[in-house]
Amino acid sequence: NRNQIGAIVGSQPFGGEGLSGTGPKAGGPNYVARFRRTEAPSDHPAPKAEPVNAAQVNDALAALDANSWAARGNRIQLLRRALEGQSTIARRAVNAAAAFDSGPFKLPGPTGESNRLSMPPKGHILCLGPEPETALAQAAQALAAGCPALVVATDAEQTVAALAAAGAPVIGIDGTVTADALKVIEGLVTVCAAGASDWTRDLRIALASRDGRIVPLETEVICPARFYAERHICIDTTAAGGNASLLAAVA
């Protein structure tokens, strides 16, 4: 968590994650994009499904392990095959995820300093739709980034069946998650719920009232960058024994 005093924009991003931040680091390549929408908000009525018990959601999140999935280099191909014949928006979501460059990036910096930005998967994502096809698009982007996804929506179990059959770390639970339940669900890093409505407002308030790490609410349907964390490593190569790249250039 670099202090912002003296940080060089585009070279030394500063910020944090978890308890100290919610998204791209200030000064990084994705920072400005975090403040704009890629498409106009659309209407998504609140789900009318039966509420799911928070304990059931906690158990499902605890059962999701994405370590082997995150290490696979063919995630996009597997997702595309699994989504053949599925909704157009889910296929659009996978295409957007495939086009997103997650690095790692070597950032420019002053002589004697190495700056590298990496973008690992964020972690466990809760996808609430509210429509099944919207929840599927949310889950597809999470999985494309290497994150495990729990989908709680109408017909969620059937909606994600093809993804689960492809080996993706995804679980579907038929129903919905109330704002009160969201306050006590553990292990979340991001909640996806599309649109701007009283329902999403209640979810946002519930997330803000939680103790522990800051959990953002993502209301855009297609937003592949939001499923990655940003980690920046700044190394003083002079203090480490000399700037090897500078010596090589002189030689």
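How far apart are the end C-alpha atoms of helix α4, and what span should its 12 residues have? At 1.5 Å a residue, residues 88-99 should span 16 Å, and the end C-alpha atoms are 17 Å apart, which agrees. The expected span is 1.5 Å times one less than the number of residues. Helices here are DSSP runs (H or I, at least four residues), numbered from the N terminus.

Before we go on, a word on the model: it is predicted, so local features need pLDDT of at least 70 and side-chain atom pairs count only at pLDDT 80 or more, while totals for chains, interfaces and linings use all residues. Residues are numbered from 1 along each chain as its sequence is written, and side-chain values use heavy atoms, leaving out hydrogens and water.

Let's stay with α4. Ala90, Ala93, Val94 and Ala97 are buried in this helix. They cover an arc of only 95° around the axis, which puts them on the same side of α4. The arc is that of the directions from the helix axis to the C-beta atoms. An α-helix has 3.6 residues a turn, so residues three or four places apart point the same way. On the other side of α4, Thr88 and Ala99 are exposed. Buried means under 20% relative accessible area, exposed over 50%, and partly exposed in between (1.4 Å probe, protein chains only).

What do the buried residues of α4 pack against? Their partners are α3 (75-82) and α5 (132-144). Take alanine 93, which has a relative accessible area of 0%. Not counting residues up to four places away in sequence, alanine 93 touches Ala137, Gln141 and Ile222; contact means heavy atoms within 4.5 Å.

Helix α3 has its own buried residues: Arg75, Ile76, Leu78, Leu79 and Ala82. Seen down the axis of α3, these fall within an arc of 165°, so they line one face of the helix. Their cover includes α2 (67-70), α4, α5 and α7 (161-165).

Now for the charged side chains. Side chains of opposite charge can pair when their charged atoms come close. The whole structure holds five salt bridges, each a side-chain nitrogen of Lys or Arg within 4 Å of a carboxyl oxygen of Asp or Glu. Arg34, Glu218, Glu220 and Arg226 are linked in a network of them.

Definitions and conventions. Helix = DSSP H or I, 4+ residues; strand = E, 2+ residues; numbered from the N terminus.
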